[in-house]
Amino acid sequence: VPSLSVSVSGPEGPTDDFGAWFEALEARHRQSLTFAEIRRALQALSSLYVERRGRLGAGAALESAGKRAAFALYYGPLHFLLVREIVRAVGAGAHPLARLLDLGCGTGTAGAAWALELEKAPCVEAIDRSGWATSEARWTLRAFGLRGDTSRADLLSVPCPRPPAGYLAAFTVNELDDAGRASLLVRLREAAKGGASVLIVEPISRRIAPWWSAWSAAFRELGGRADEWRFRVPLPETLRLLDRAAGLDHRELRGRSLYVGSRPTPSASATRLM
Ligand SMILES: C[S@@+](CC[C@H](N)C(=O)[O-])C[C@H]1O[C@@H](n2cnc3c(N)ncnc32)[C@H](O)[C@@H]1O
């Protein structure tokens, strides 16, 4: 994937108004598609994620305008809400970050959710191999008033930022092949040992993530944690309607996470001891 980097800076500073953002998102995507078209595309998209996962590697999830709109309007907000709850539950907002890497950012909502929980929002670096995703992520960051860069690139090729940094991979690790996943784990482990915070979020499904228990063991070894979650979060009306119309059920948001929080780097702890 050719790498292309673009900077974003929100006009008025961070705002975590999910409702206002969702309204703007809906207006953006319903300009060109009707509710029925988005619902049909959502059914096709969810069947790709559940039954035809083999096609995900070739980018099938984002191949049509309808699927892209369904992804942006349905999964984007759901991932924002779930990641925000997880960040709160594991206390990730308490660890200051200068940069937050959102690996496989999609429309950028998961990274925005974490960034908005910090007292001082970090610069978000949103990386995705899809150019459509990075341009949506730019819109998301701007809408939430966040600073950042978006890069169209393979997430395995991006350089590691200097600490204090956070790494997020939400619903992304299961799209990598075995070799890609193994090399990402090596990099994340090194980053965590160097003081980075790392958060992985995935659906609860043994079938799509047979690697989960090995990754959980690796995170525990680093002093981190592995959790399964269920949250009851009120959804905007359009999300509820899409959920029902597509035969899905997100009255309860579920997911699982791996998290290791930043620790002081060796030089920082040396400074503190003096
Ligand atoms: C299911 S989406 C999740 C998006 C986002 N993290 C969220 O939570 O909504 C997975 C994303 O990972 C991206 N992706 C998968 N493999 C990638 C790779 N090797 N490099 C960069 N992006 C990748 C896909 O393009 C897609 O946007």
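**Helix packing and beyond**

A: The axes of helix H3 (residues 65–90) and helix H4 come within 8 Å of each other and cross at roughly 35°. Keep in mind that this is a predicted model.

Q: What is the handedness of the crossing of H3 and H4?
A: Right-handed, as H3 passes H4.

Q: Which residues make the contact?
A: From H3, Gly76, His79, Phe80, Val83, Arg84 and Val87. From H4, Thr109, Ala110, Ala112, Ala113, Trp114 and Leu116.

Q: And by class, what's in the contact of H3 with H4?
A: Eight nonpolar residues, three polar and one charged.

Q: How many residues of H4 are buried?
A: Eight of its eight, so the helix, residues 109–116, is mostly covered. The buried residues are Thr109, Ala110, Gly111, Ala112, Ala113, Trp114, Ala115 and Leu116.

Q: Next pair. At what angle do H1 and H5 pack?
A: About 145°, with the axes 11 Å apart. H1 covers residues 18–29 and H5 covers residues 131–143. H1 passes H5 in a right-handed crossing.

Q: Which residues of H1 and H5 meet?
A: H1 brings Trp21, Ala24, Leu25, Arg28 and His29. H5 brings Glu136, Trp139, Thr140 and Ala143. By class, that contact has five nonpolar, two polar and two charged residues.

Q: Let's switch to the ligand. How many residues surround the ligand?
A: 17. The closest are His79, Gly104, Asp128, Leu155 and Ala170.

Q: His79 again. Which ligand atom is 2.7 Å from its side chain?
A: An oxygen atom of the ligand, at that distance from an N or O atom in the His79 side chain. His79 is also one of the H3 residues in the contact with H4.

Q: What about backbone atoms of Arg129 and Leu155?
A: A backbone N or O atom of Arg129 lies 3.2 Å from a ligand nitrogen. For Leu155, a backbone N or O atom lies 2.9 Å from a nitrogen atom of the ligand.

Q: Where is Asp149 found?
A: In strand S4, residues 147–152.

Q: Is Asp149 buried or exposed?
A: Buried, because its relative accessibility is 17% and the cut-off is under 20%.

Q: What joins the side chains of Asp149 and Arg99?
A: A polar contact of 2.8 Å.

Q: What else does Asp149 touch?
A: Beyond Arg99, it touches Val6, Ser7, Cys123, Val124, Glu125 and Ala126. That leaves out residues up to four places away in sequence.

Q: Backbone now. What kind of peptide bond joins Pro163 and Pro164?
A: A cis peptide bond, with omega about 0°. Pro164 is in the loop between S4 and strand S5, which spans 165–170.

Q: What is the phi of Phe171?
A: Near 60°. That is a positive value in a residue other than glycine.

Q: Where does Phe171 lie, and is it buried or exposed?
A: Phe171 lies in the loop between S5 and helix H6 (178–193). Phe171 is buried, because its relative accessible area of 18% falls under 20%.

Q: Which residues is Leu188 in contact with?
A: Leu103, Tyr167, Val198, Ile200 and Trp215, leaving aside neighbours within four places in sequence.

Q: Zoom out. How many helices and strands are in the chain?
A: Nine helices and eight strands.

Q: What share of the chain is buried?
A: Buried residues make up 55% of the 274 residues.

Q: And what share of the contacts comes from residues 24 or more positions apart?
A: 81% of the contacts in the chain with a separation of 6 or more.

Notes: Residues numbered from 1 in each chain as written. Predicted model: local features only at pLDDT ≥ 70, side-chain atom pairs only at ≥ 80, totals over all residues. Heavy atoms only, no water. Helix = DSSP H or I, 4+ residues; strand = E, 2+ residues; numbered from the N terminus. Buried < 20%, exposed > 50% of the residue type's maximum accessible area, 1.4 Å probe, protein only. Polar contact = N/O pair within 3.5 Å; in protein donor to acceptor, adjacent residues only side chain to side chain. Contact = heavy atoms within 4.5 Å. Axes fitted to C-alpha atoms, helices over the stretch in contact; angles between N-to-C directions. Left-handed = near helix turned anticlockwise from the far one by under 90°. Nonpolar A, V, L, I, M, F, W, Y, C, P; charged D, E, K, R; others polar. Near = heavy atom within 4 Å.
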